[in-house]
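This report looks at a ligand and the protein around it. Please view the structure first, then read on.

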Amino acid sequence: MSKDTTFSSKFGLIAATVGSAVGLGNVWRFPSLAQENGGGAFLLVYIGCIFLLGIPVMLAEFSLGRAGRSDSVGSFKNLTPNKKWWIAGCFGLLASYLILAFYMVVAGWTIEYLWQSVSGGLYSGIGAIGSGESTFFNDKMKELILNGTSPIFWTYVMIIINLAILLKGVKKGIEKISNILMPLLFVILLVFCGVSLSLPNAQEGVKFFLTPDFDKIDSNVIVAALGQAFFSLSLGMGILVTYSSYFPKSTKMVRTSITVTILDFSVSVLMGLIIFPAVISFGINGSENVAGMTLVFVTLPEIFAQMAGTQWWSALFFLLLGVAALTSTISIAEVSIAFVHDRFKVSRKKACYIVLLPMFLFSALCSVSLSGTGWLQVAGMPLFDALDKFTSNMILPMSAFLICIYVGWVLPKNFLKNELTNQGTFRSIATPAVLFLIKYVCPVLIAMIFLGNFIKI
Ligand code: PHE
């Protein structure tokens, strides 16, 4: 089934796509990865990865979605009706549904922390212990997001917010909310950047984040940078295929992909410029304090606790994080919604319920698996982590690999050229390079990520 829904403006189209790309990967994954893996040197490797892998794979997905004009499975069916290539689309679809289950839980934590900042609960009792006491926020984290029923409650709130937006459809739901939230996200980021860079010793933090250390660059670092480019740009999840099926025929896709990539990259770098000056300025030591969940739920609250206007800075930060998470969950839910709507010919509203109602159970199971009770362990780890590893390390690379082979080798030779030049209506000097990268370079790089992850497991 083909559709005629399109985004109504260029701005909205970019806001929605950037909204998907900008997420927790930019906030807590990128800064700690960069700092651990050679600072400025990692940045250079990462820039190389987004040009060699990120932009070409994004363009392969865009071309597939806009020409196929259907969901992530149906687009293959529309372009090659008599072949079994639609099976390749099932990988992205499966990954997106599994990711949705645990990402919704993390999204729930962000709004729980937003509420706890506004209500003051996050900081109540700190006076008795004394600021800078690192176990205080560690204990809070355990209490608020790992144990009890409150994380499940907040995950449910997030599912309901997603449902409310997605029920309104592509233009009035996804596009409209992205138009509001993405500019808001950039404004909050710039405010934080200003504050952080004007702290005493801010340059030390910038140095700590960006000083290039080329000795650290080895194959592991390259695999890490490739994996980050993948995750951060939402590749291989069916999201870009689904969103591009809503692109008008006139969209200049090379330009769009570069804009999306640059904006996503800027958010990652800005996050580093916010976090490291603050961490150094407030005398927090140890790289374990700037990694993953600890950074966001322990280290940053410790910093806010020492600032004037604690609750308000804290609330503003978790609002930023909540916005980033919300626009990502919307995009990942849309993959399955578009699939159910197109394949089973049910109304969009029904499709939203079919996709999101089971999340009340699946996400709760993911949340419970982290509670430390030993329930729901898979392959020796909590269900939550198992889903994360299984999708990021196995299914996503497989899905993107197959898309490159399909667009580069299976579809007619002129397919990509026609798509990138909007059927020859303008010239694009990038076309031969993009085709070369999709055919030869991306499959090899993706195989490298795959093997790299495999060896690590
Ligand atoms: N690109 C997102 C990020 O950087 C990853 C993501 C998007 C994950 C959508 C799930 C859904 O965090």
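Predicted model: local features only at pLDDT ≥ 70, side-chain atom pairs only at ≥ 80, totals over all residues.

S20 contributes through its backbone, where an N or O atom is 3.4 Å from a nitrogen atom of the ligand.

How much of the ligand's accessible area does the protein cover? On its own the ligand has 320 Å² of accessible area, and the protein covers 100% of it. The ligand sits in the largest cavity.

## The surrounding shell

The ligand is surrounded by 15 residues. The closest are A21, G25, Y103, F231 and S232. By class, the shell holds seven nonpolar residues, eight polar residues and no charged ones.

Which helices supply at least two shell residues each? They are α1 (10–21), α2 (24–36), α5 (86–119), α11 (219–232) and α15 (310–343).

## Salt bridges

How many salt bridges does the structure hold? There are four. One of them pairs R66 with E419, with the closest N and O atoms 3.1 Å apart. This pair links distant parts of the chain. R66 belongs to helix α3 (residues 40–68), while E419 belongs to helix α19 (residues 415–420). The two residues are 353 residues apart.

Note on methods:
Residues numbered from 1 in each chain as written. Heavy atoms only, no water. Near = heavy atom within 4 Å. Polar contact = N/O pair within 3.5 Å; in protein donor to acceptor, adjacent residues only side chain to side chain. Areas by Shrake-Rupley, 256 points an atom, 1.4 Å probe, with all protein chains shown as cover. 1 Å grid on protein atoms, 1.4 Å probe; cavity = no way out; pocket = protein on both sides within 12 Å on 5 of 7 lines; lining within 4 Å. Sits in = over half its atoms within 2 Å of the grid points. Helix = DSSP H or I, 4+ residues; strand = E, 2+ residues; numbered from the N terminus. Nonpolar A, V, L, I, M, F, W, Y, C, P; charged D, E, K, R; others polar. Salt bridge = Lys/Arg side-chain N within 4 Å of Asp/Glu carboxyl O.
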